Amino acid sequence: MFKALVVRKDAESGKTSAGVEELTLDALPEAEVTVSVEYSTLNYKDGLCIGPGGGLVRSYPHVPGIDFAGTVEASDDDRYTPGDKVVLTGWRVGEAHWGGYSQKVRAKADWLVPLPDGLDTRAAMAVGTAGFTAMLAVMALEDHGIKPGPVLVTGAAGGVGSVATAILANLGHRVAAVTGRPEQSDYLRSLGATQIVARDEINETVKRPLESETWGGCVDAVGGAMLARLLGQMEYGASVAAVGLAGGANLPATVIPFLLRGVNLLGIDSVMQPYDNRVRAWQRIAKDLPMDTLDAMVTPATLADLPDLGADILNGKVKGRVVVDVANS
Ligand code: NDP
């Protein structure tokens, strides 16, 4: 028997509820590799999947958890043998497939990545999907050239924002962190932010499509009106790596920043990344993210804490990264 956080849907009311249950291996969906999960994390999508699903969950009962790290227990694929340490992010695990909020998981070999040198399973999950995505965003900005001005990070006190701030600062960039929580200013400075920008300052509506050229690049976890506004504040030729939509999916922008300032809008998707990119991003994380800074971002949790924390992340109340100690839940 092992423990998992199971979300069930009541057939009559259509309401979902989540709780820790004991399962046996035959309950798991078939796949080549069985992993004994040590850690998982809480991401924005997990908040959606612990609740009513928001169109992400394919069928119930469901086990959420879009990422996990652990040890291979059994494998029908030559690439993995029992005892190997592995990490998984993406591939709609925790959405279309049962995910990491379970002490045992079955996954396809193609979805797994060997744990990179320099990271243990807890550190890998302190990074998790949010941190992996932050690294992809930084790599995309680098590929297009980061300009001299400070690099803006929106949703900075959240998971993606915290890791992006720490990586960019460690690489020597000046980082302007946008937050709606002024009480997190000291935390953001401790990650390396050199400037704190109030969310309201960037959220103000302006009619002009172009403002002063201020930012040398941007990692945007918020989307919506904030993204539309900051496009007009980018330096000539600078890029925005758009990661998320915590502030809304509509983009009330004009084409002017693209036409007159050569601004690049780069979409970042962590779900379907090819294997080589995954390995490259994890290696960069091990190299470019200081582990003591990563520790400062972590709130520890167990499987039983997740129903409450899932609601918190959807309300923008979670700071940094929540790491779930699945093995000891
Ligand atoms: P978090 O909830 O940890 O962080 C989001 C942050 O955005 C909050 O902490 C808050 O930061 C800010 N925020 C929340 N609501 C609003 C609002 N209404 N207006 C403006 N700012 C707001 O989530 P994650 O960091 O895990 O994810 C961020 C986004 O990125 C989500 O939309 C998520 O789905 C997406 N994502 C996308 C991935 C991809 O592959 N493209 C992978 C991972 C995540 P503050 O308090 O500092 O203002």
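Q: What share of the 329 residues in the protein is buried?
A: Buried residues account for 54% of the 329, where buried means under 20% relative accessible area with a 1.4 Å probe, protein chains only. This is a predicted model, in which local features need pLDDT of at least 70, side-chain atom pairs count only at pLDDT 80 or more, and totals for chains, interfaces and linings use all residues. Residues are numbered from 1 along each chain as its sequence is written, and side-chain values use heavy atoms, with hydrogens and water left out.

Q: And how many helices and strands are there?
A: The protein has 10 helices and 15 strands; these are DSSP runs, helices being H or I of at least four residues and strands E of at least two, numbered from the N terminus.

Q: What box do the C-alpha atoms fill?
A: Along the principal axes, the box is roughly 60 × 45 × 35 Å.

Q: Turning to α2 and α8, at what angle do they pack?
A: Helix α2 (residues 121–144) and helix α8 (residues 275–288) pack at about 100°, with axes 9 Å apart. Axes are lines fitted to C-alpha atoms over the stretch in contact, and angles run from 0 to 180 degrees between N-to-C directions. The two helices are therefore roughly perpendicular, a term for angles of 65 to 115 degrees.

Q: Which residues make that contact?
A: Among them are F132, M135 and L136 of α2 and R280, W282 and I285 of α8, contact meaning heavy atoms within 4.5 Å.

Key:
Angles under 35 degrees count as roughly parallel, over 145 as roughly antiparallel, 65 to 115 as roughly perpendicular and the rest as oblique. Buried means under 20% relative accessible area, exposed over 50%, partly exposed in between (1.4 Å probe, protein chains only).
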